[in-house]
Amino acid sequence: MINQIEKNMRYLQLLSQSFPTIAEASTEIINLQAILHLPKGTEHYIADVHGEYEAFLHVLKNASGNIKRKVNEIFGNELREAEKRELCTLIYYPEQKLEIVKNTEEDLDDWYHITLNRLVRLCRDVSSKYTRSKVRKALPPDFSYIIQELLHERTEDQNKTAYVNVIIDTIISTGRANDFIIAIADVIQRLAVDYLHILGDIYDRGPGAHIIMDTMANYKHWDIQWGNHDILWMGAAAGNDACICNVIRLCLRYANLTTLEEGYGINLVPLATFAMETYADDPCLEFYPKTSGGSARMDDKTARLTAQMHKAIAIIQFKEEARLYQRHPEWNMLDRCLLSRVDYQRGTCRVDGTDHPMKSCHFPTVNPQSPNDLTPEEEALMHKLHHSFRVSEKLQKHMRILRSHGCMYAVYNHNLLFHASVPLNADGTLKEVPLYGGRRFSGKDLMHNTGMLIRSAFTADTAPQERSFAIDYFLYLWCGPDSTLFDKSKMATFERYFLSDKATHHEAKGNYFLLRDNEQICDAILDAFQVEGPNRHIINGHVPVHAAQGENPIKANGRLMVIDGGFSQAYHKETGIAGYTLVYHSRGFQLVQHEPFTSAADAVQRGTDILGTTQIVEMANRRMLVADTDKGRELKQQVKDLEELLYAYRHGLIKEKRQ
C-alpha cells in the first residue's frame, strides 16, 4: 500500500485540505459507507415531449405514477380509492385543490389535521432513500425546521406523540396550514424522483416548449440527450437560416406560433406582409395548417394568412437548404435540391428518375434558370428573421441550458441513452460517418465528436472555418441520411407538399431501425459504448410506438426500450395512446403507458390522471442500493482514497492539521 500512497501523494495532500484530521477523514468514510447502503434513487425517463407542457408538467408532478404507487403502498386498504385519488391530486396541484376544499369541507380544521398527518407519512417514506443532508437541501426555508422535526419524530413513540400533535395543531391555529401543505407537496414531488432523463425533443408541435424550458431551468437533477427537434432550434439560434426556416415552417404547419412569438419574441410581421403580397392570388391549399392535434380553431381569414406564410417560408427553406447541399457536396444530398428538378412549364418534378405531376406549380419567387436563388425581397426577409433569432435573449438562454445539461448520448447506471439512432451498416456493424475535415467516426466516437462539433458552433474561439461548418451541420443533423438524429433515406417535405404519388413520400429507415429488434445487435452497440453489466439496456425515443397496432415498446428480448409513444397530441390518432415514460426504482423498471391528458383544471376538479397501464419490464432479484450505481462506484473510490489518507496520517507521511 505504501507504494500506491507515494504515487498518490500530491492528490492526498490536496484531499487533506478537505479532511485535515484523522477524525474528519474517518467520519466521512462512515458517512459514505452508510450512503452506499441506502436504496437506489428513482430515475424517471421521458422522451419526445414536443411542447405539450401541460401533460409534461403533470407527468413531472405525478412522477409517472410513482407517487400514486407510494400512496398505495403506505395507505393500502386504510383509505378508499377515492380518498387516495384526492390525496394524489392535492400533492400534484395543492394550490388549486385547496381552493376547492375550502369551499366544500364543513370541518376544515379536522380535514387539515387528517391531511397533514397523511402528507407527513408520505413525505417520511419518499425521503427515506436519502441522507438527512440531501433531504434538508430539498426543504423550503420557511418550513425546513418544522418538516425535519415531523419527519424524524413519530407518533408511535409515546414520549413524542404530544410533541408531534402540537406541531400540527399549531400549524393549523396560526393559519399556516395551506402554505405548509403547498410546501410539503412540493417536497414530495421533488423527492419522489432522484433524477430525470429527457431523451430529446422538447420542441415543436405543441404550444409550450418555452414553458417546459423555464421549468427545467429551475429543476435540480436532470439531463437531456438532444433530439432532432432540439437540434433544429439550436441551429436556428446559432444562425443557420435553413434551420430558421424549418422552425418557422413547423410552427405554421401545426398552427402553433405561441412559442415563437410569445415565448421568444420572434417578429413574424415581416413574413406575414411578404406572404400576403407575394401569394395574394395563390390558394395555397397544400399549406393550410394542421389543427386536429388540439390547436385552437382558426377563422378562415387567419387560416388563409397562415397558409400563405407557410408556403412563403417553405419555398425559402427549399432554397436555403439547396445552398447548403451545394456548399457541402460531401453530404451527398444534391438530389434534395428539388426546385432544380421541377419542369415549370409542364408542372412536373423529377424524383428518382421519374417525372411526377405536381399538385400545383405556382412559384412567383422562383426563377427557373436559377431556382435556388433568393429574390431581393426574400433576402431582406431572411435578414430580419435571422436577426430576430440571434438577438432573442430568452431563446439564447434556453439553448445554453440545453447545452449545459445535454449531450448526444449518456451512459447512466448500465443504460445507454440517446434520442434516435446509432448508424449501422447492413450487416449490423457500426457505420463510419464523415464529420468536419473528412474525418470519419462511428458509434461512441461519432456521438462524442458530433456533440463537440455542436458546441463549437457557439464557441467564440473556434476557428472561423470550423465554426461555419458546425453551424451548417445542424441541417445535416436534422435531415441527413447518416445523421444519428434522423437516419432515413430522405426527409420528404417537398414531396408531401407538392406530389400526389405517395410512393415519393416514403422515407426508408436506416439500418438501426431495421435491426434494433435483434438482441445481438443491441449487445454489440452496448459493447461499443462500453456499457457493462448483465442487466444493461438501450433506452430511446424518437419513433412513435404504434400501440394501437400491437407494437411493443420493449424490443430485442428486453435489451431495448423505446419510450416515445406519441406525447404530442398530433400523434394520438396514429399511436392510439399519449406516450410512454419509464421509471427505474430500487426494485426495477416499470414502463408506464399514458392516456391522453385533458387539462390541469380537469385533473384538479375530477381527480383524473393521465396514468394508463403500468408494465413491469424487469424486476431485480434484490433491492438495488446506491452501491450498485454509478454514484456508488464514485463513492467507493472516495472511500478508498480516504482510507489511503488515513494510512498516510497514521504513518506520518502527512501531518494532521489541527486548529
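Q: Which helices each supply at least two residues of the lining of the second largest cavity?

A: The general idea: rolling a probe the size of a water molecule over the atoms shows where empty space is left. On a 1 Å grid over the protein atoms alone, a cavity is a set of points where a 1.4 Å probe fits but cannot get out, and lining residues have an atom within 4 Å of a point. Here, α5 (66-75), α8 (108-126) and α12 (177-192) each give at least two lining residues. Helices (H or I, at least four residues) and strands (E, at least two) are DSSP runs, numbered from the N terminus. Bear in mind that this is a predicted model, where local features need pLDDT of at least 70, side-chain atom pairs count only at pLDDT 80 or more, and totals for chains, interfaces and linings use all residues. Residues are numbered from 1 along each chain as its sequence is written, and side-chain values use heavy atoms, with hydrogens and water left out.

Q: What volume does the second largest cavity have, and how do its lining residues divide by class?

A: A volume is the space filled by probe spheres set on the grid points, which are joined across faces, edges and corners. For this cavity that comes to about 50 Å³. The lining includes Asn66, Lys70, Asp125 and Leu191. By class there are four nonpolar, two polar and three charged residues, where Ala, Val, Leu, Ile, Met, Phe, Trp, Tyr, Cys and Pro count as nonpolar, Asp, Glu, Lys and Arg as charged, and the others, Gly among them, as polar.

Q: And the largest cavity: which residues lie nearest its centre?

A: Of its 14 lining residues, Phe318, Glu321, Tyr325, Arg336 and Met491 lie nearest the centre. α18 and α23 (493-498) are the elements giving two or more residues to that lining, and the largest share, four residues, is from α18. The space inside is about 140 Å³, and the lining has nine nonpolar, two polar and three charged residues.

Q: Is Arg336 buried or exposed?

A: Buried means under 20% relative accessible area, exposed over 50%, partly exposed in between (1.4 Å probe, protein chains only). Arg336 counts as buried because its relative accessibility is 15%. You'll find Arg336 in the loop between α18 (300-327) and β4 (342-343).

Q: What does the side chain of Arg336 make a polar contact with?

A: A polar contact is a pair of N or O atoms within 3.5 Å; within protein, one must be able to donate a hydrogen and the other to accept it, and residues adjacent in sequence count only if both atoms are side-chain atoms. The partner of Arg336 is the side chain of Glu495, at 2.9 Å.

Q: Which residues of helix α25 are buried?

A: In α25 (residues 519-528), they are Ile521, Cys522, Asp523, Ile525 and Leu526. At the start of α25, a side-chain oxygen of Asn518 comes within 2.8 Å of the backbone nitrogen of Gln520.

How values were computed:
1 Å grid on protein atoms, 1.4 Å probe; cavity = no way out; pocket = protein on both sides within 12 Å on 5 of 7 lines; lining within 4 Å.
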